[in-house]
Amino acid sequence: MPKILLCCAAGMSTSMVVQKMEKAAKEQGLDVEIKAVGIEEFNEEIQGVDCCLLGPQIKYKLADFAPIAQQLNKPIAVINSMDYGMMNGEKILADSLKLIHA
């Protein structure tokens, strides 16, 4: 089961994206685990997931988080701001699964 971590400033707005992603996964018959956390939880959570997506509002943290993720061989990317703003769970889910299977 793919495990996806979403990380944003406090984990609030991203939790709504998680709900949209879970709905899309259910509609597609996919079994995934998706979790939203704030930036302070990144270090402890990255180890137990298959990929990490950052909310567009914290894309500046990619420079800090990428080396940690790479050390653990975990793909990391910033969520497309248009998809994030539109709460396009289906597209964000597809993008995260592409990251995992790349």
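A nonpolar core, as used here, is a set of buried Ala, Val, Leu, Ile, Met, Phe, Trp, Tyr and Cys residues joined through side-chain atoms within 4.5 Å. The model is a predicted one. Its largest nonpolar core has 17 residues. Among them, Ile4, Leu6, Met21, Ile34 and Leu93 touch the most other members. Four elements each supply at least two residues of this core: β1, α1 (12-27), β3 (51-54) and α5 (89-101). Helix α1 gives the most, with five residues. In soluble globular proteins, nonpolar side chains tend to be buried together.

Take methionine 21 as a way in. Leaving aside neighbours within four places in sequence, methionine 21 is in contact with Ile4, Leu6, Ile34, Gly89, Ile92, Leu93 and Ser96. A further core, of 13 residues, lies apart from the largest one. Its members include Leu5, Cys7, Phe42 and Ile46.

Now the cysteines. Cysteine 8 lies in strand β1, which covers residues 3-8. UniProt, in an unreviewed entry, lists Cys8 under "modified residue: Phosphocysteine". In the model, cysteine 8 is buried, because its relative accessible area is 2% and the cut-off is under 20%. Beyond neighbours within four places in sequence, cysteine 8 is in contact with Ser13, Thr14, Val37, Gly38, Ile39, Gln57, Ile58 and Tyr84.

The structure holds zero disulfides. For cysteine 8, the nearest cysteine sulfur is that of cysteine 7, 6.9 Å away. Cysteine 52 is buried too, with a relative accessible area of 0%. The closest cysteine sulfur to that of cysteine 52 is in cysteine 7, at 5.3 Å, which is too far for a bond.

Charged pairs come next. Side chains of opposite charge can pair when their charged atoms come close. The structure holds five salt bridges. In one of them, lysine 35 pairs with glutamate 45, with the closest N and O atoms 3.0 Å apart. Lysine 35 sits in strand β2 (residues 33-38) and glutamate 45 in helix α2 (residues 42-45), so this pair ties together parts that are 10 residues apart in sequence. Lysine 35 is partly exposed, at 37% relative accessible area, whereas glutamate 45 is buried, at 17%.

Lysine 61 and aspartate 64 also meet in a salt bridge, 3.3 Å from N to O. Here lysine 61 counts as buried at 18%, and aspartate 64 as partly exposed at 44%.

Finally, lysine 91 forms a salt bridge with aspartate 83, the closest N and O atoms being 3.4 Å apart. Lysine 91 is partly exposed, at 36%. Aspartate 83 is buried, at 10%. Salt bridges that share partners join Asp83, Lys91 and Asp95 into one network.

Terms used. Residues numbered from 1 in each chain as written. Predicted model: local features only at pLDDT ≥ 70, side-chain atom pairs only at ≥ 80, totals over all residues. Heavy atoms only, no water. UniProt positions renumbered as here; feature names shortened; annotations may be inferred. Buried < 20%, exposed > 50% of the residue type's maximum accessible area, 1.4 Å probe, protein only. Contact = heavy atoms within 4.5 Å. Disulfide = S-S within 2.5 Å. Salt bridge = Lys/Arg side-chain N within 4 Å of Asp/Glu carboxyl O.
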